Amino acid sequence: MPTIGVIGGDGVGPEVVREGLAVLADVAEREGFRYDLVPFDLGGERYLKTGEVLPDKVVDDLRRCDALFLGAVGHPGVAPGILEKGILLRLRFEFHQYVNLRPVRLYPGVETPIKGKGPEEIDMVVVRENNEDLYVGAGGFTRKGTAEEVAIQTSINTRAGVERCLRYAFDLARSRGRERPYRGLSEEERGRGLVGQVTLVAKTNVLTFAHDLWMRAFTETARDYPEIKSDYQHVDACCMRMVVSPERFDVIATTNMFGDIITDLGAVLQGGMGLAASGNLNPARTAPSMFEPVHGSAPDIAGKGIANPIAAILSVAMLLDHLELPRASERIRRAVARVLAAGAPKTPDLGGRANTADVGQAVRNAFE
Ligand code: NAD
Ligand code: IPM
Ligand code: MN
């Protein structure tokens with residue numbers, strides 16, 4: 001029986017996690033599988049009360065779980081970075097969750113701000129490198145607080161770290177292509193046997209060390225995937241094209257920092273922060289993977305009961321995929337699709353008036 005560690009966290013985190021867990025309980029009963037839940041009290045409240053961010057003992061307990069489900073961390077009363085680095089990034093790094101998988105998929109019935117684009121055009125997946133780059137915390141200050149101050153924040157990119165992420169992206173393009181060939185390929189490309197595409201998103205024209213490594217690793221990895229088209233976009237142009245022609249993307253592979261930024265843009269393409277799910281994956285399964293909405297603790301709406309729980313519910317679906325329960329995850333996605341297609345109930349971020357619990361309940365009612 002799998003053990004799922006649950007970190008509600010801060011702000012809207014516990015509010016959306018509650019709905020995710022209710023959907024999980026329901027689908028488990030219908031599908032006839034069992035699991036253990038282990039709650040972990042982590043986040044701003046614990047820190048403010050005890051000074052503890054993430055004790056080593058808790059990391060050991062988390063490590064024993066088969067998967068983790070996280071709401072969000074980040075508290076208005078705590079300096080930026082303490083919880084984000086101390087909890088979220090520490091777990092991503094220590095548990096070798098080197099892929100942050102972030103699907104960008106528009107469900108039928110959801111309004112995207114992108115004119116003339118629908119579910120056929122908006123269906124890509126971002127494979128965000130999750131253990132390196134500017135996120136490692138390498139750097140420091142000299143002459144801090146003086147007029148001569150210098151702050152250095154170094155981007156670390158290792159060949160092995162980049163390559164394993166790229167390999168994941170190509171494998172994903174291959175499996176997506178087997179299910180349904182990428183629609184953006186020309187007749188001629190399909191004729192040559194291509195089924196999918198990986199776009200490397202970087203900034204090779206400026207970051208001529210780090211992204212030179214990325215480009216070489218990309219070109220060499222691509223040789224093992226003759227049925228996958230290799231594509232490259234500078235990150236600035238990528239942002240423009242995600243808006244103007246989202247259909248030109250299938251799988252995007254990118255760095256930790258760029259992946260963070262373009263996936264908030266991706267969330268908007270799919271209808272908003274309330275809908276975007278993610279998985280921090282340890283593909284080798286040497287430690288638990290962690291599933292969480294792309295959004296944060298949303299302090300501006302926390303405590304009002306109006307956060308959209310769909311991102312969290314879809315993150316549960318990704319968690320079930322990871323636990324190799326694809327029937328259960330598909331059932332969740334179909335139920336979410338039904339609720340979204342019906343156009344109600346909707347939380348205010350989608351233009352409705354429903355609350356978090358209404359939407360969670362509607363998803364559970366929509367199970368066939
Ligand atoms: P945010 O994602 O929390 O909020 C951005 C905007 O999106 C806000 O207007 C918010 O109300 C809205 N929003 C977010 N989730 C929503 C939902 N489920 N339903 C409806 N609307 C939603 O980003 P932010 O404001 O930049 O950050 C707030 C805090 O969260 C910060 O402390 C930040 O560090 C943290 N954060 C944590 C995570 C995480 O734990 N994974 C991710 C991002 C930000
Ligand atoms: C995300 C968040 C985190 C990130 C922060 C809170 C550390 O923005 O999961 O997208 O930058 O990865
Ligand atoms: Mn982010």
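Modeller: Let's start with A298, which sits in the loop between β12 and α10. Keep in mind that this is a predicted model.

Colleague: What makes A298 buried or exposed?

Modeller: A residue is buried if 20 or more other C-beta atoms lie within 10 Å of its own. A298 has 23 C-beta neighbours inside 10 Å, so A298 counts as buried. Its phi is also positive, about 40°, although A298 is not a glycine.

Colleague: And E324, which also has a positive phi without being a glycine: why is E324 called buried or exposed?

Modeller: The cut-off for exposed is 12 or fewer such neighbours. E324 has 9 C-beta neighbours inside 10 Å, so E324 counts as exposed. E324 is found in the loop between α10 and α11, and its phi is about 60°.

Colleague: What makes the bond between A344 and P345 a cis peptide bond?

Modeller: The omega of the bond joining A344 and P345 is about -5°, and the bond is cis. P345 belongs to the loop between α11 and α12.

Colleague: Now the helices, please. How do you know that the span of helix α1 agrees with its number of residues?

Modeller: Helix α1 covers residues 13-31, which is 19 residues. The expected span is 1.5 Å times one less than the number of residues. After α1 comes G32, with a positive phi near 70°.

Colleague: Which residues of α1 are buried, and what do they pack against?

Modeller: The buried ones are G13, E15, V16, V17, E19, G20, L21, V23, L24 and V27. Their packing partners include β1 (3-9), β3 (67-72) and β12 (289-293), as well as α10 (310-322).

Colleague: Which residues of α4 are buried?

Modeller: In α4 they are L83, I87, L88, L91 and R92. These residues pack against α2 (44-50), α3 (56-63), β11 (277-281) and β12. H96 follows α4 and has a positive phi near 50°.

Colleague: Where does helix α4 come into the picture for ligand 2?

Modeller: Helix α4 (residues 82-94) gives the largest share of the shell around ligand 2, three residues. The surrounding residues are E84, L88, L89, D260, V294 and G296. By class, that shell has three nonpolar, one polar and two charged residues.

Colleague: How many residues are around ligand 1, and which come nearest?

Modeller: There are 22 residues around ligand 1, and G74, G274, H295, G296 and N308 come nearest. The classes here are eleven nonpolar, seven polar and four charged.

Colleague: Let's turn to A67. What makes A67 buried or exposed?

Modeller: A67 has 22 C-beta neighbours inside 10 Å, so A67 counts as buried. A67 lies in strand β3. Leaving aside neighbours within four places in sequence, its contacts include P2, I4, F291 and L319.

Colleague: Last topic: into which domains is the chain divided?

Modeller: Domain 1 is 1-102 + 283-368, and domain 2 is 111-269. Their C-alpha centres lie 25 Å apart. Contacts join 13 residues of domain 1 to 17 residues of domain 2. On the domain 1 side, α4 and β4 (99-105) each supply at least two residues, and the residues of that side divide into seven nonpolar, three polar and three charged.

Methods
Residues numbered from 1 in each chain as written. Chains lettered and ligands numbered in written order. Predicted model: local features only at pLDDT ≥ 70, side-chain atom pairs only at ≥ 80, totals over all residues. Near = placed C-beta within 6 Å. Nonpolar A, V, L, I, M, F, W, Y, C, P; charged D, E, K, R; others polar. Helix = DSSP H or I, 4+ residues; strand = E, 2+ residues; numbered from the N terminus. Contact = placed C-beta atoms within 7 Å. Domains from an automatic or database assignment.
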